[in-house]
Amino acid sequence: MNGIRTVAGKELARVFGDKKLIFSLFIMPAVLMFVLYSLIGKAMGGMMDDIEKHVPSVYVQNAPEGFDEFTKSLEVDSETTYLKSTDSLDDIKANIKSGDADLLIVFPENFLETVNGYSNGMEIPEVKTYYNPAEDYSSEARSTYANTLLTAYQQSLLADRVGDLNSLTVFQVDLDESTSIITDEGKASGKMLSMMLPYLIVMLLFTGPMSLGVDAITGEKERGTMASMLVAPVKRSQIVVGKIIALSLLSCLSAIVYAVSIIISVPRMFNGMEVDGLATSASFSILQMVQLLLIMLSLVYFYVAIVTLIAVFAKTAKEAGTYVSPVYIVVIVAGVLTMFSGNSEMQLPLFAIPVYGSAAAIQRVITGELTAAQFGTSILGIVVVSTILTALITKAFNSEKVMFNA
Amino acid sequence: MIQVNNLTKVYKLSKKQMAEQKTKKNMKKAVDNVDIKAVPGEIYGLLGPNGAGKTTTLRCIATLLKPTEGDISVCGLDTVTQSEGVRNKIAFLTNEIKLDPQFSPTYMFRFFGRLHGLTEAQINERMKVLFEQFGITDFKDKKIDELSTGMKQKAAIAVSLVHDPEVVIFDEPTNGLDIVTARTVTDYLKELRAQGKVVIVSTHIMTEAEKLCDRIGIIINGQKVMEGTLSQILTETQGEDLEDAFFRLYEKYNTEEVR
Ligand SMILES: Nc1ncnc2c1ncn2[C@@H]1O[C@H](COP(=O)(O)OP(=O)(O)OP(=O)(O)O)[C@@H](O)[C@H]1O
Ligand SMILES: [Mg+2]
């Protein structure tokens, strides 16, 4: 016991005594995350503001009589140029292509006469718009004109023709949409969160073990400081357990830093927009939180164990790095799988698969659908595997081939 | 007491090592049937050229490697079956074993004191004595990284002795040290001898072996080719001094067939 505490203590002291390491492990990710999300938020917000403020330059050919007044009555902000049927459109189309003009609307000649003179079977006149979907201003102008202005204009012409528009409407669906939604609000927003969170947790928890484990094991082997411990009268298993405990503690800490900075930063991305999912995280029950915590702890133990096992066999830190990276990819894939599998039925034994089972369990904790059997299976599965890994690590520590290359 | 009986140590070579050593054999017999007996109150010296098998022998005594053949006992404890007990009784120093560069000598001293199960009071007392002895007090709180080779070596020696061990196994302890620092170390080894400890050192420095060691074992190509006091060795080889004696032995035993 004494040995475990001493070994773990040195590991912690090593990290906390190193300002650069503290910075790169705990401070930089938090700051980076915050800055990144703030910048994204700013850019997104700025873009929308800009589009809203922009006054589109619109060209209208053969505008029917009264169209100009109609546009003004709807308070559509635009710089409109009216063209005659004889004007050439090529320059304007070229300008739209280059982003210098935003929209061109072409009415057929004698539009109003055709509309008013309509009788059954005649051809229906077409209003044609030209725009550039690659340009934000142009798409926005087109969507304003097509969806709002032209539809309204169509309605008003139709009203002129039939008199009472209501006679054309047989029934309506959902006048007030918000009153027709019946849902458990926690579960609905939990659903959003349950898609992202398992993936994020599964991925972020790995970063700590990955950056710390290799240095704590392979690094010490390379520097010759591991051997000094092997000459001391402590059991190899105590050294292993001490290292794993210290690495797990540090990994949890770094995961907390990540989690907190995500929670603080993400709302900055949406810059004032409402983020429902995050609000529900506060409405977890005690049981859910305990379950989540236990799953995360077991996951950290597994990560630390697998990185340590790789690190102990690797001869150099570089070699260890090349072996750890594919493992990280597998972990990410396991996380992504749950993201897309949704809440579909999953057979109980599958929960015992490390990482995959944990991600699925986290998903169900959030939606409140995790059964005791699923929870137990996922914890038991990953802990058993991790314990076996720990035993293998101890065996490797006892091997002179592994420790001394002999 | 250290008793090494018929020690043979064979390294299995990886493909890369085979290429490096330009050999087709995938085995390297680093130590070949060696007997050593070192008793309390004496300094035993292992003398041999590079690659002779000195470090390998000492690592086996220090429980880090298991003998391929033969057995070793330290203070009556077997190095394989009672390795933890053996580790409690020994100090082991070799240039491949290092102290953590980012910690101070003080921290490392406490760390190993705790691993040896000493109380804080015991650690403080030992620290006072040993740091004074080796002149570490001036730089005891500096990072090991920032120390000179000599300072590092002094710190490493002090740390290895934290638990006042009965057996001291030092692999080339004066390697890379200036004569002043080297003298500090050899003087301390003599003091340990006076305290009745078992001391075994390896070296390839002839004068050091002559002056320091009570008995010398000469090891060439993994085999112990001669053992005895300085005068015994000189008589037997008819050499003028140890260097002369060594070369006579070296010419005789370093043949292709042994290699
Ligand atoms: N881990 C290892 N794997 C394979 N061969 C090894 C290993 N360590 C040492 N050897 C080989 O065993 C032989 C003895 O090495 P050892 O380190 O014991 O010699 P030494 O007497 O300490 O030499 P030096 O004076 O250079 O320190 C050498 O030929 C060396 O190449
Ligand atoms: Mg050596």
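Contact here means heavy atoms within 4.5 Å. By that rule, 28 residues of chain A and 29 residues of chain B take part in the contact. This is a predicted model, in which local features need pLDDT of at least 70 and side-chain atom pairs count only at pLDDT 80 or more, while totals for chains, interfaces and linings use all residues. Residues are numbered from 1 along each chain as its sequence is written, chains are lettered from A in the order in which they are written, and side-chain values use heavy atoms, with hydrogens and water left out.

Between them, chain A and chain B bury about 2500 Å², 60% of it on carbon and sulfur atoms; buried area is the accessible area (1.4 Å probe) that two parts lose on being put together, summed over both. Three salt bridges are counted between the two chains, each a side-chain nitrogen of Lys or Arg within 4 Å of a carboxyl oxygen of Asp or Glu. You can find a salt bridge between the side chains of Glu400(A) and Lys9(B), at 2.3 Å from N to O.

Now look at chain A by itself. Its domain assignment gives domain 1 (2-47 + 185-403) and domain 2 (54-170), with bounds that come from an automatic or database assignment. The centres of these domains, taken over C-alpha atoms, are separated by 57 Å.
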